[in-house]
Structures are given as C-alpha cells and as structure tokens.
Amino acid sequence: MDNCEVPSKKVIEFKPPVYEQRYYFVKNLVNRHGLRKIADLGFGDATLLWMLKYHRCVQYLVGVDVAARPFEWGGGRLSPGVGGYIVPRELDLTITLYRGSAVQKDSRLCGFDLITCIELIEHLDSEDLAKFPEVVFGYFSPGMVVISTPNSEFNPLFPASTFRDPDHRFEWNRTQFQTWALDVAKLYNYSVEFTGVGDPPAGAEHVGYCTQIGVFQKNIAKATESSISEPEEHVPEEHIYEVVYTTSYPSLQQSKYFRLTLSSESVKAIGLMKSRFLRGLRKREGDRVVPLGSCTPQFGLTEAQRAEIDQSPKPYSVGEKFYVPLERLIIYPKVNHLVAGSMEKLRTILAEGLRLNGDQSAVQVELVDYQTQRLFDEHLISPVLES
C-alpha cells in the first residue's frame with residue numbers, strides 16, 4: 001500500500017490569539033485617549049467590558065447584545081470584588097448590560113465617547129447593515145467608533161478558506177470594507193483610519209491583517225447645524241433595550257468611601273510614625289517626649305518627600321498620648337492627594353472619626369496600645385526613656 005501524503009495548509013498560530021489582540025487594541029485606545037463613556041455592541045461574553053473596567057478613566061460601561069439573558073448576569077466578573085471596597089476607585093463606575101440590537105435606537109446610548117463593534121457587522125443581513133450607519137453614527141453619534149471585521153484576503157491562508165463562522169452573512173476584502181467605511185464617514189461627518197491585528201506569516205504580507213479595523217472619529221470642528229451627525233433637538237427619549245444587569249462600584253466620589261479611605265491612610269501614616277518614634281532614642285522637653293532621630297518612615301517616599309516631612313512639626317508624646325501634627329500628616333503623598341492639599345478638609349474629616357488635640361492641630365492616639373505593649377514585653381522595641 002502506497003503512503004500518499006495529502007498536502008495541507010499549516011495552521012496559523014497567533015500569539016496572543018487574534019481575539020485578544022482585538023481587545024487589547026481597544027484597551028490601548030481607551031487608555032491613550034482617556035475615554036470615559038464606552039459602549040460595546042455585541043458584547044458576547046463581556047470580556048472586553050471586563051478588561052475596560054480596570055481603567056481609571058472609565059466611568060460608564062454599556063454592553064448591548066441580542067442574546068443577553070437576565071439570569072446569566074446575576075453577578076460574576078463585572079461585579080465589584082472585595083478589593084474594590086477596600087481600595088475604592090477614584091472615579092465612579094457604572095456597568096449596564098442591555099438585551100437589544102445594534103440597529104435599534106435607544107437614547108441611553110447617545111453621546112458616548114466610544115462605541116465598539118468588534119466582529120459584529122459581518123453578522124448583519126443586508127437590511128440591518130443598511131440601518132446600522134444611521135443608528136450608530138447618526139443617532140448614537142459617539143465621539144469615536146471602532147469597527148473590526150474579518151479580512152477575506154487572509155482566508156486562503158487558513159486550512160478552510162470559506163467563511164470563518166457559519167453565522168457570517170459576508171466577509172469583506174480590504175477594498176470593500178474601506179469603500180463602505182469611507183462612504184459612512186463622509187455621510188455622517190467622521191474621519192476614519194484603517195489598521196488591523198493579526199499579522200500575516202512571512203511571505204504573505206500582501207494579504208494584510210487577519211482582522212481589519214476602522215477607527216472613526218467625529219469631526220467636531222467641521223460640524224454645522226445641517227450636519228447629519230448632529231443629534232436632533234427635543235427628540236423624546238427612546239428606551240427600547242431591556243436591562244439585564246447593572247452594577248455600580250464604590251469610589252472616592254462617594255462620601256462614605258472617601259472618608260473611610262482618608263481615615264485609613266491617615267491611620268497608616270500615624271502608625272508608621274509612632275513605630276519610628278518608639279524605636280528611636282528619646283529626650284524630654286518639659287512634659288513632652290520627643291525623638292532624637294527621625295520619625296519619618298524610610299519606605300515608599302522619595303528623598304524630596306522625606307526631606308519635606310522632616311522639616312515639618314515633629315510628632316511628640318505627652319504622658320501616654322501620641323500626637324501627630326496635621327501639618328506633618330498632610331505631607332504624606334496619599335493623604336495629600338486625597339484632600340488635594342487642603343488642611344481644612346483634612347481637619348474636618350478626621351475630626352469625625354479620630355481624636356484631635358485641643359486646638360485641632362494634631363491627631364491624638366494612644367502611645368502604647370496592646371500590640372506595642374506586646375513588643376515591649378518581647379523586647380523587640382525599647383521603652384520611652386524616663387529621664
């Protein structure tokens with residue numbers, strides 16, 4: 001029996017996989033432009049939304065998918081974890097998922113910074129594809145739109161050169177996609193740049209990227225009253241989509257979490273100063289005990305920050321009480337950032353949860369608490385000198 005080997009095409013491996021490259025493309029775009037409100041049409045398993053929720057600039061994420069079901073989104077990776085309550089975000093974040101179509105008008109998606117359509121348009125039939133530009137570019141009218149779609153010129157490199165997914169209604173080559181995109185951009189007053197992800201193998205560079213991408217940006221400066229992309233005035237709200245999931249994250253914009261975080265960071269700084277105070281040699285000044293050495297923690301601060309702290313009023317003790325001047329505390333970077341350098345804000349908020357001295361110029365805590373006494377007993381730190 002003859003051994004006949006049938007020639008086969010080599011399987012192309014992308015590292016990372018092309019779907020991840022598409023998501024990272026959007027992620028980098030959001031980071032580069034500091035985009036705040038983002039909607040993903042055809043969100044699928046919500047991986048892109050999950051990646052974007054970690055961006056500090058993002059405040060509102062929306063996903064729309066015709067297949068979304070309420071029971072599938074009772075929680076999971078889009079919900080804030082325990083860490084989100086321990087270390088709240090600086091800005092608010094709300095995530096909402098809708099069941100709906102990319103060719104349905106819903107006023108809740110109007111005016112976003114970015115709308116993404118990742119591997120979406122090839123699933124639309126000719127009727128929906130004709131509606132798509134008017135809804136997305138004309139009605140929603142976001143600042144930017146990212147559309148990715150398969151590049152059919154790449155297909156012959158795959159073992160099976162038919163459509164990449166049986167649900168695809170079409171797959172365009174680069175000329176077809178760019179012609180369509182340029183027509184849409186011109187009609188709705190956008191500019192568009194073309195790129196892609198998934199590099200072809202050596203020797204096949206002529207086919208272009210595996211996934212072709214169009215990045216549309218609204219031409220704000222050229223917009224006129226007659227521009228088709230300008231939203232109509234006095235249009236009644238249209239709520240067509242069904243909410244299947246929504247969640248909000250704790251943030252420093254919320255008073256409760258701001259106060260807890262400021263108090264926590266202040267207590268950490270005070271604890272570090274007290275530890276340094278107790279470890280150093282002391283001397284008496286009247287009824288006060290002050291350190292001979294520095295009370296400035298050596299870790300997590302730059303040389304300039306340590307120098308500034310060392311020049312500020314030093315912590316001291318009176319009897320069994322330890323005092324940290326607010327003028328010193330406010331120099332610590334995390335505390336200073338939270339109150340934006342405002343001494344009055346620091347004093348007002350700390351007074352609600354911590355004890356201040358008589359003239360409210362310093363925080364007062366116990367010099368030797370249970371934990372410190374244990375260290376004394378174990379001779380890990382030296383007690384305050386009596387004379």
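The side chains of Glu 344 and Arg 347 meet in a salt bridge, with 3.3 Å from N to O. Both residues lie in helix 10, three residues apart, which is about one turn of the helix. The model is a predicted one, and the structure holds 10 salt bridges. The chain has 387 residues, with 11 helices and 14 strands.

**The chain as a whole**

- Of the residues of the chain, 45% count as buried.
- The accessible surface comes to about 21,000 Å², and carbon and sulfur atoms account for 52% of this surface.
- Among contacts between residues at least 6 apart in sequence, 71% join residues that are at least 24 apart.

**Confidence of the prediction**

- The chain has a mean pLDDT of 85, and 81% of its residues reach 70 or more.
- Over residues 222-232 the pLDDT stays under 50, and the model has 15 contacts for this stretch beyond four places in sequence.
- Residues 379-387 also have a pLDDT below 50, and this stretch has 18 contacts in the model beyond near neighbours in sequence.

**Helix 10 and its surroundings**

- Helix 10 spans residues 343-353, and Leu 346, Ile 349 and Leu 350 are buried in it.
- Seen down the helix axis, the buried residues of helix 10 fall within an arc of 100°, so they line one face of the helix.
- The cover over these buried residues includes three helices: helix 6 (255-279), helix 8 (326-329) and helix 9 (333-339).
- Strand 14 (362-366) is also included in what covers the buried residues of helix 10.

- Glu 119 lies in the loop between strand 4 (114-118) and helix 4 (126-140).
- With a relative accessible area of 17%, Glu 119 is buried, because buried means under 20%.
- Glu 119 forms a salt bridge with Arg 22, and the closest N and O atoms are 3.6 Å apart.
- Arg 22 belongs to helix 1 and Glu 119 to the loop between strand 4 and helix 4, so the pair ties together parts that are 97 residues apart in sequence.

**A salt bridge between two strands**

- Glu 242 and Arg 99 meet through their side chains in a salt bridge, at 2.3 Å from N to O.
- This pair links distant parts of the chain, with Glu 242 in strand 8 (residues 242-249) and Arg 99 in strand 3 (residues 93-99), 143 residues apart.
- Glu 242 counts as partly exposed at 32% relative accessibility.
- Arg 99 is likewise partly exposed, with a relative accessible area of 28%.

**Backbone features**

- Most residues other than glycine have a negative phi, and most peptide bonds are trans.
- Phi of Glu 119 is near 50°, a positive value in a residue other than glycine.
- Asn 189 is another residue other than glycine with a positive phi, near 65°.
- The place of Asn 189 is in the loop between helix 5 (174-187) and strand 6 (190-197).
- Asn 189 is buried, with a relative accessible area of 15%.
- The peptide bond from Lys 15 to Pro 16 is cis, and its omega is near -5°.
- Pro 16 is found in the segment before helix 1 (18-33).

- Pro 201 lies in the loop between strand 6 and strand 7 (211-218).
- At 32% relative accessibility, Pro 201 counts as partly exposed.
- Leaving aside neighbours within four places in sequence, Pro 201 is in contact with Ile 12, Phe 154 and Leu 157.
- Pro 201 and Leu 157 are 44 residues apart along the chain, and their C-alpha atoms are separated by 9.0 Å.

- Val 82, Ile 86 and Val 87 make a nonpolar surface patch of about 340 Å².
- Val 82 is placed in helix 3, which covers residues 82-86.
- Val 82 has 64% relative accessibility and counts as exposed, because exposed means over 50%.

Key
Residues numbered from 1 in each chain as written. Predicted model: local features only at pLDDT ≥ 70, side-chain atom pairs only at ≥ 80, totals over all residues. Heavy atoms only, no water. Patch = residues over 30% accessible without salt bridge, like charges linked within 9 Å, V, L, I, M, F, W, Y side chains within 5 Å. Areas by Shrake-Rupley, 256 points an atom, 1.4 Å probe, with all protein chains shown as cover. Salt bridge = Lys/Arg side-chain N within 4 Å of Asp/Glu carboxyl O. Helix = DSSP H or I, 4+ residues; strand = E, 2+ residues; numbered from the N terminus. Buried < 20%, exposed > 50% of the residue type's maximum accessible area, 1.4 Å probe, protein only. Contact = heavy atoms within 4.5 Å. pLDDT = per-residue confidence, 0-100. Arc of directions from axis to C-beta.
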